Amino acid sequence: KDGSTIVAVDWRGEVAYSGTDAATVIQNALNALTSGRTWKERVVIRGDFTISQHIEVPNYVVIEIIGKLTAESDIDYATHKAIFYTPPDGVGHDIEIRGGILDGNNVVGAIKLSNAPYNVVIEGITAVNCKNIQGAITIDGMTTGDEPYNVVIRKCTIKDSPIDCIAINTYKAGNYSKRIIIAENTIMNTYGVALIGVEDGIVAYNNIYGTGIDLTASRRITVVGNTIVGKSGVETTGILVRSGYYSDYYQAEDITIVGNVIHHHYGTSGQAGTGIYIQHYYKPSGGVEPPPYLPARKLLIAGNVIFNCERFGIRVYGTKDIMIIGNHIYNNGTAGVSIDGPDDDWPVEDIDVIGNRIVDDQDTPTQDYGIYMGVYVTGGGTISHVRVLDNDFRGNTEAIHIHNPSYITDVTIQRNRGYVTENSGSATFSGDGSTTQFAIAHGLVSTPTSYSVTPASADAAAYNFYVSANSTHLIVTYTTAPPAGTDNIVLKWRAWYEP
């Protein structure tokens with residue numbers, strides 16, 4: 001920039017274009033790259049400029065920004081969606097945009113690449129004050145043709161933008177955007193990352209403040225190492241997974257959520273106030289009706305730390321094939337883990353909750369249930385094939401709560417700390433020649449559904465007895481009182497409770 005004149009200098013150091021409108025000069029420089037090339041050429045934008053219209057991004061280009069580009073306040077959003085834009089009448093590919101600050105001035109987005117771009121890298125961008133109904137950085141598919149693939153968005157910072165910060169959108173019925181990597185970004189916003197209809201993606205090591213990651217209608221996604229913190233006073237969700245119905249059906253499946261830290265999400269409606277929410281499906285207004293039971297499924301949720309969410313640490317709603325393993329879930333609201341189903345024909349089944357620490361260590365506990373399991377309104381919904389094993393349920397108001405148990409079948413609850421369902425031991429009593437009844441404290445959470453007592457001393461075996469049980473004890477009743485003696489009645493016992 002030379003005074004009010006903006007210049008574009010070619011590789012020889014000679015002025016190729018000049019003018020007073022930055023967008024026009026930058027566009028001319030991009031248009032002057034080698035015609036028909038199959039290799040990338042670099043354009044460096046150095047300085048701070050105000051942009052009057054979008055800059056159309058060509059193929060085979062590296063755009064490096066050293067400075068700041070700010071959209072004019074009166075720019076027309078209907079025509080100019082973002083500072084860098086590929087309109088719907090072209091397909092962008094082999095594009096890199098790196099560095100600098102993109103300020104949408106609350107009228108446009110930062111980057112919007114339409115019509116299924118591929119081989120795209122966006123790195124080191126700082127995007128602020130963006131307005132775009134889909135995202136500050138948006139990669140869009142087409143209603144016909146292919147979808148985006150080979151897209152990397154990393155080490156960007158996005159803030160002060162009241163919409164989805166990074167969005168990958170698939171539009172053609174039955175298609176998926178493929179091989180998408182969203183990594184090492186910092187997002188300070190109400191909304192974070194949205195992958196809609198994505199296949200084979202990674203969302204890794206991002207710091208997100210607000211609603212975190214939306215995986216609607218996506219499959220084969222790994223979500224690892226992210227920190228997702230809610231925004232006070234705003235309804236937010238950490239991670240949302242659900243099948244989707246748009247122009248066609250997309251099933252969310254084969255998703256791994258591992259090693260994330262998720263906390264302080266607020267809200268009491270819909271998915272809000274929840275660390276990880278697994279929902280059966282989502283159908284927007286005008287979307288097609290869902291086919292037979294094909295919900296979000298085949299998820300591994302492991303090694304996450306989830307705490308201080310207003311409602312649920314993890315909620316599994318109307319889904320199947322979910323493994324929740326080795327998570328630390330604490331000090332949430334309604335429940336650490338909720339397994340529940342809607343009032344329709346979407347059964348919840350094949351859910352494993354194994355080896356988690358689901359606790360409340362506050363002076364005044366807020367986590368009502370370690371696990372809530374139930375069908376809210378009976379009328380077709382069921383829960384079946386659930387295993388709850390080797391968990392730690394200390395400090396909750398109630399360790400496990402089962403609602404409408406007649407609609408819940410094939411549930412195994414065993415070896416959990418704070419919710420004892422099996423116990424055994426040896427009980428010793430001293431006979432007095434007249435007492436016929438001896439009570440053994442079993443320590444289970446409820447009246448045993450099965451139990452056994454065997455004599456382990458001669459005096460204990462001298463006469464016949466029968467055994468009954470209540471919520472606290474096994475009651476051994478002899479037909480004839482055992483003889484008097486000191487510690488002469490020894491009984492081995494075992495008891496089980498099956499909800």
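Two strands pair if DSSP finds at least two bridges between them. The views below come from a predicted model.

**View 1. An open sheet of three antiparallel strands.** The strand order is β42-β45-β44. The edges are β42 (437-441) and β44 (465-469), each of which pairs on one side only. From one strand to the next, the twist averages 20 degrees.

**View 2. The antiparallel pairing of β44 with β45.** Five bridges link β44 to strand β45, residues 473-478. Opposite A469 stands L474 of β45.

**View 3. Strand β12, covered on both faces.** β12 spans residues 137-140. On one side I137 and I139 are buried, and on the other T138 and D140 are buried as well.

View 4. Strand β9 (residues 109-113) runs parallel to β12 and is joined to it by three bridges. K112 has T138 of β12 as its bridge partner. Strand β15 (residues 166-169) also pairs with β12 in the parallel sense, over four bridges. Here the bridge partner of T138 is A167 in β15.

View 5. Strand β6 covers residues 82-86 and includes T86. T86 counts as buried because its relative accessibility is 4%, and buried means under 20%. The T86 side chain reaches the backbone nitrogen of S114 at 2.7 Å. With neighbours within four places in sequence left aside, T86 is in contact with V57, K112, L113 and S114. Among these contacts, K112 is the residue whose bridge partner in β12 is T138.

Terms used:
Residues numbered from 1 in each chain as written. Predicted model: local features only at pLDDT ≥ 70, side-chain atom pairs only at ≥ 80, totals over all residues. Heavy atoms only, no water. Buried < 20%, exposed > 50% of the residue type's maximum accessible area, 1.4 Å probe, protein only. Helix = DSSP H or I, 4+ residues; strand = E, 2+ residues; numbered from the N terminus. Polar contact = N/O pair within 3.5 Å; in protein donor to acceptor, adjacent residues only side chain to side chain. Contact = heavy atoms within 4.5 Å. Axes fitted to C-alpha atoms, helices over the stretch in contact; angles between N-to-C directions.
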